[in-house]
Every structure is written in structure tokens, then in C-alpha cells.
Amino acid sequence: MTALAATNARPTVELAAWARRNTWTLGLLLLLVLLLAFTKTIQPNYGAFGIQGLGTSIMPLAFATVAQAIVVIAGGIDLSIGSMMALTSVVAATLMQGQGDAFGLAVVAGVLLLGILLGAINGALVVSTRVPDIIVTLATFYVWAGLALLVRAAPGGAASPWLMSLASGPLFSEWLPKAAIVLVVVVAVVWIPLARSRLGVSFYAVGSDQLAAFRSGVAIGRTKVAAYAIAGLFGAVAGLSLTASTGIGTPVPGPYTLQSVAAVVLGGVSLAGGRGGVLGPIIAVIVLQLIQNDTTFLGIDPNYALVIQGVILVGVLILGSILESRRAD
Amino acid sequence: MTIATATTDLMLEATGISKTYGAVVALKSASLAVRPGEVHALMGANGAGKSTLVKILTGAVHPDAGRIVVRGRERTVHSPAEARRGGLVSVYQDPSLIPDLDIRANLRLTETPLEPFRHWLAEFGLADLDLSSRARRLPLASLRIIDLARALAIEPDVLMLDEMTAALPANLTERVLEIVGNMRGGDRSVVFISHRMSEIGSVCDRATVLREGETVGVVDVTAGSEERIVDLMLGQIVDQAIPQAKREERRTTNGERPRLAVQGLGLDAKLYDVSFDVHPGEVLGVVALEGQGQDELFEILAGSRRPSGGQIFVDGTGVSFHHPADAIRVGVVYVGADRAQALLMQRSVRENIAVPFTAHLGRWGLIDLTRERRIVDEAVRRLQIDARAGNEVRRLSGGNQQKVTIARWVAGGVRTMLCFDPTRGIDIRTKQQIYVLLRELAEAGAAVLLYTSELKEVQLVCDRAIVIFGGRVVAEVDRADADEATLLRAAYHLQSGAALPEQLAASAAEMATGGPTTGTTEERVVSA
């Protein structure tokens, strides 16, 4: 009965434990390095400029994927993210057109609030109606998409110049795209405190085992609404980054909903809920984007490129589940 | 801190608690009064309402009526979190740790202070447990101890332990009892639920007995109070005027080959050396309190779980089932208590009955509808299924649904039927029809294994019964002796009741009290 102090571990031990629990993320990182090496061999002059382009192009999907990851960790799924991005994007582009920087900043704040509201509506509907998440958010997908077309029937509007400058070009070093810094800062500011708070732990608890969570004193309904609301926040950031990178608002939803689900799964988040984080899914987004870049560069027929992406996705997941079941034995 | 001395000296007082689920009355005017420093047993046969009462006290279920007073203050608890703030904490039968979170995060969720938790872990001999391991990766016994240590660390006024020792090996059971015993005479209280009379006798001061949702008595626990508790649990056994299925005395089984023979069946920490035979023409009853391993036994026999040891013989041939289809192929079929798991709720009675013999994937081509109709009609007629709402099985009453699950096997010509509490939640008339049907099946040469939570069914339907306690067969009772009192005593493993084979009685008693001889087999489980 004297071993109380024995668990005060040395840093190396903790690092090893961290690595053991994040093998999936580390594996993805390895895949990313291999892909970068492959990219360099097929495009010998791939360099800082390529990395900058990569940073800009991943931003919308990366934020959408973080949103999706949070909902999936809490045991749900949000199919409305694609049209939520469209709605927030056209609202921002329409309001910013011809206005100054200060007003643009106010618009950004308003759009973020709009995202939180849209997400909270999703969550409240899921909790109060007890209709499955997949149905509720499929329905709201059409609602947000309709609203986006009401705001603006055709692509147009404009983004504040400072917002556009956030999405492209480097900062400090030519190897550091601004977009990547924005991504890291925004995600870190929201996710890191969240993951350490009781609310963040509750997301995992509700997604992992609802009965046990209830017995542990977690308010299931409120936790779900909060997860959807925070997903709405990231959905709005994703919409803003669309506006920032294109300079206009587009009312027709992009392919982001299903891509975000794919990236979340590839990123090691269990669709059954309760497992995973946001780092893995973000790396998965970069991996998917690089694969797309490479197939384009190699001049592969875009239809074949889609087949290749799908095969790689399934292949990685099969490999992962084989390794997982090995480890469980 | 000083305790209020005047108004009430009760720690917890619950009065007039009632709860109904639809037409089922789970509790009607149950009450519980616990003194400070007391370990108070909550007793009752299966379905008496113990678990419902605990869930109400900890806010997991809302009562329809009743008052809960803790330390003299009336409380309404709407959630486990609220109950915890009010000083009521429960350790449930199944662990309430989040499987995907590590222990540290689980503690944060319940706002459990870390140092007291470590202290209690050390008390249980788990001081070197890695708090960053995920709950999913820990063995069940450790999870239960963590659950208990967490509850103790919160220092609740009233700690409720629901079958705390059920999944523990002997050495840990002993330690838990010791610690619970040490809480006597302090300023906190424990509500203790256990099926093991020996544990009640060793740690409890008083016992509240529930029967059919009502508190029927409070007993001081002393030597010999077990009989009094059992009497209260049984109540006055009124003569049930249920017409008995006509039967002839079963012919002697000497030399006859059993239809189903089980030898030395074991499953880690759940079943130990279970052996019995079921002969053609016989209904063998299985009697057990909740969670004594009967669920696992039936799952193994039905082919949905693999045993860790022992053998199963069907008609004298050794079998090993990898899938329920393997069991069905040799004529061993399963009827469960939960109809929803067995039926295609949105399909017709006809399709449901026909599924087992049209669903062989190996058989291609069209379904012979004429033959199917003939067989199904025969089964519907024989079981008197009211099939007016037959287009969708989910519209049928529970009793008729259960008849459909039986009919699907009867239609194919049943050889061995495993029935797991088939009359649970069914009206009395349908129950009787099912009793008659089971007898008829046996008469026609089938072997039936029947687990029932209603003890009086044993004499109505079975030829003899085996009693399972703590994963072992502890008694075999002939129909003539299988009255409710005898069966309940045997199920609680009280030696004074039914005559037990001596060596079995001895080993089971050692197990219940944590004797050294069984420790070796069970210690494996903890370290696994």
C-alpha cells in the first residue's frame, strides 16, 4: 500500500504513452511524409510555393472536418455542414461588399454567431425530437441550402481585403503559409481548452456510452447541443475561409459534407463516437488534398483520380482495423 | 462536522415510492429507512423492485409518487449528478465508467478528488493501477473496484451498492466486505444489495425486504434471520388454481441416451464445471437469481457464445457451436425473453414463422409457398395465435409475439428447445397456453430446457430443476419437492432448505465466503 508516488512518471514514459495512444495519428503523419516525398519526386520543383497553395486549398475542408470530428466524437453526425458553409459564406460576402475593415470585422463576428445558432438548432432538434442525427441534419442541409439561395441567387459579393490576405501568402518564412497558421491558431484556441474542460470530456463520454455518461452525471441533451453548436462555429469559420480564398460567396454547397466525413474517418475518429481527436482528421485532410494534387499533376483522368482516392481511403481503413484487432489480442 | 441531533435521526428516509411502466407496476408504495452508520440490506426476489428503487434514489428514474428525505431534508433528484450533490451515490451492477476515456478523465467527469481515490485504490490493493489507461482495456473486476473507489472518494452520505460483489473474485470480495463493514458505526450509511445471504449476514445491520414492489418488512440481521427474510420474500403462498397440464410420470431414464448432455462447462468468471442432462420427453427447469451465469449458459447452448471449457453432446455426439446456425442444424433452438431480438417486427406472422426453414442461404430457387402455408397454418392453429393483426408482428400483443417465436421452431419439428424466461411480461392466459405447449412438446418427444424467473412455473411445467448459484449447479430438485420455498432457499444457497449434494454445497459455500480453495482459479481473472 505504499505505491502512491510510483505513478509520477518521467517525461519519456509519458511520451511513450502518448505515442501508444496516438499511433493512428502518427501513422497518418508517416503517410503524409511519404506522400510529400512522392510529390517531390514527381514534381522536382515542388517547394515553398506548392506548400503555400496547399495551405490555402485545405482551409475550408480542414475547418469543416474539425466541425464534423467534434460532432462525431459526441456520437452524432452533421450532414448539414456543406450547406452551412454556403449560407455563412454568402451572408459574409454579401454584407462585406463595399464596406470598410471595421464593419468587415463585425460581419465576421456576426457570421460566427450565426454558425453557432445554426449548430445549436441542429442539436436542439436532435435532442428534442429524438429523430436520428443523420435525418435531422439531412433535413437542415436543405433548409440552409435554400436560405443561402434566398440570400444570393448567384455567386457574388466580396470579401474584406484583410480577410482575403489571411488565406494566401506566407508569414515569417516562405515555407509557412498564413492559412496554416490561421488553421492552427483557430483550432488551438477553441479545441485545446475545450478538450481539457469538463464539457470536452463530456463529448467523449456521451459518444462512448450514453448510459454510463448519464450515471456519471453528464447532462446528455445539453452536451449534444453544445457539440453541434461548436461544430456550427467551425462550420462558419469554414464558410468564411471559402469567402476568403475565393473572394466571393457561392450559394451552392460544395462537396464538403461527405469529404469531411471521409477525412474524419481517415483521421482515426470512430463513427460510433467517443474515440479520436481533431489532429488526425486535419492531417487526413492534407493527405487527401495531396493525393488530389498529385493525380492532377500526373494528368490522370479525374474520374480515375476519384477511384484512386476511394481505394486509398478504404485501403487505409482496412489496414487500420487489421492492426487494431492485432493489438487488441 | 456535527450531525443534526434533533428532528430526525434517520440518514435516508424514502416513503410511498411508486413507479409503473405502462401496465407493469414496478413499485407500489415502497419505503426504506436507513440510520446513520448502518449497513442496510435491500432484499427481494427477482423483479421485486430493488433495482428500480435504487435507480429512483439516485435520480436515474423518476418516481410517480413518493418522498425522499436525506439527513432531514426533502430531496427531489432529477439526475445522478443531482443525487450526488445531495449525498446519494450508487455503484451499479454494470460499471458506469466511460469505456473510451482513461481513468483520470472518468474521475474528472464525476468531479472525484484524486488523492482519496488513490487512497481507496490502495486499500483494495490496486495502488499501481495506471490512471491513464482506458476503461475499455481494464478487466471487469478492476472496473468494479474503480467504480467503488470513486464512489467512496466522493464520501457520500449514503452509498448504494447494487450487487457489488457479483463480478469479483473471492479475495476482492472479502476486501470489499471488510471495508463496507468498517463503515458501520461511522456517520455515513450503506445500502447493500446482494443475492448472497452470507454477505448480508456478515456486514449488514438491518434488512428491508421488498415483495412485488412493496416493502413487506424490516428485519434486524442476526444469526438465523435468513429464514425470516426468505419467509418475507415469499409472503403467503396462496394456492394458485392454475389447471395443471395433464402428464404421465416420466418414464425412467436408465440407459436412455440424453438428448442434450452438458459436461464440465466453464466460462471465465461466469460458469464453473456445469454438468447436466436433458432427456427426450423431459422439461428440465433452471432456477437462478439474476446474474448467476444462466444467461451465459443459454448463450453457449444456443451457439452465440463459446465456452472456455467443457463439452456439449447432442444425441451422444460431441458438438462445438461457432454460430447459432450450428445449433439449429442439430436441432437445438432458442426462445428468449426478449421477443424484439427474435422477430422481424415489421414482417408478417407467416414470414416470421417461415424464416428458419426458408432462410437457408444454401438453398436456391423459389420458396414453395404451398408447403410453407401448410406448415405455418398448422403452427398458428396449434399455438392458438391470434393472427388478426398478422401483417406486422409488432402489432401483436406480447403474448402472441412470444407464441410466434415458439411457433417458428414448432413448425419445423422441434427436437431440443432452450427457453429463457419465455413468459416474462406476458398475460396469465397466454402463460398457461405456453405451459401446456411446452408439456405437449415434451410429450411428443422433445427435450426442453426452461429457465424461469417465476419459481412457481417449475412445478407447473418441469419434471425436475437444477439450481445455479455463482456459476455452479448447486442443487437438483425433483418436481415433487420443487415448491417455491425450497427453490428460493436453494437459489439463495441456504443449506437449511433443500438437500444438497454435499461436496457441491461445501465448495459453493467456500466460494461465497471467500474461502482459499477456490481462490486460485479465480485470481487468474483479475490479473488477466
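## Confidence

The complex comes with an ipTM of 0.76 and a pTM of 0.74 from the predictor. For chain B, the average pLDDT is 80, and 84% of the residues score at least 70.

Two stretches of chain B call for care. Residues 238–248 have a pLDDT below 50, and beyond near neighbours in sequence this stretch has eight contacts in the model. Residues 512–528 also fall below 50 in pLDDT, with 33 contacts beyond near neighbours in sequence. Where pLDDT is low, the predicted coordinates should not be read in detail.

## Helix α13 of chain B

Now back to the opening question. The residue that follows α13(B) is G413(B), and its phi is positive, near 85°.

The helix itself covers residues 398–411 of chain B, 14 residues in total. From first C-alpha to last, α13(B) reaches 20 Å, close to the 20 Å expected at 1.5 Å a residue.

## Where chain A touches chain B

The contact draws 22 residues from chain A and 23 residues from chain B. On the side of chain A that touches chain B, the elements giving two or more residues are α9 (198–208) and α10 (210–215) of chain A. Of these, α9(A) gives the most, with six residues.

What classes of residue make up this side of chain A? By class, there are 12 nonpolar, six polar and four charged residues.

Definitions and conventions. Residues are numbered from 1 along each chain as its sequence is written. Chains are lettered from A and ligands numbered from 1 in the order in which they are written. This is a predicted model: local features need pLDDT of at least 70, side-chain atom pairs count only at pLDDT 80 or more; totals for chains, interfaces and linings use all residues. pLDDT is the predictor's confidence in each residue, from 0 to 100. Two residues are in contact if their C-beta atoms, placed from the backbone, lie within 7 Å. Helices (H or I, at least four residues) and strands (E, at least two) are DSSP runs, numbered from the N terminus. The expected span of a helix is 1.5 Å times one less than its number of residues. Ala, Val, Leu, Ile, Met, Phe, Trp, Tyr, Cys and Pro count as nonpolar, Asp, Glu, Lys and Arg as charged, and the others, Gly among them, as polar.
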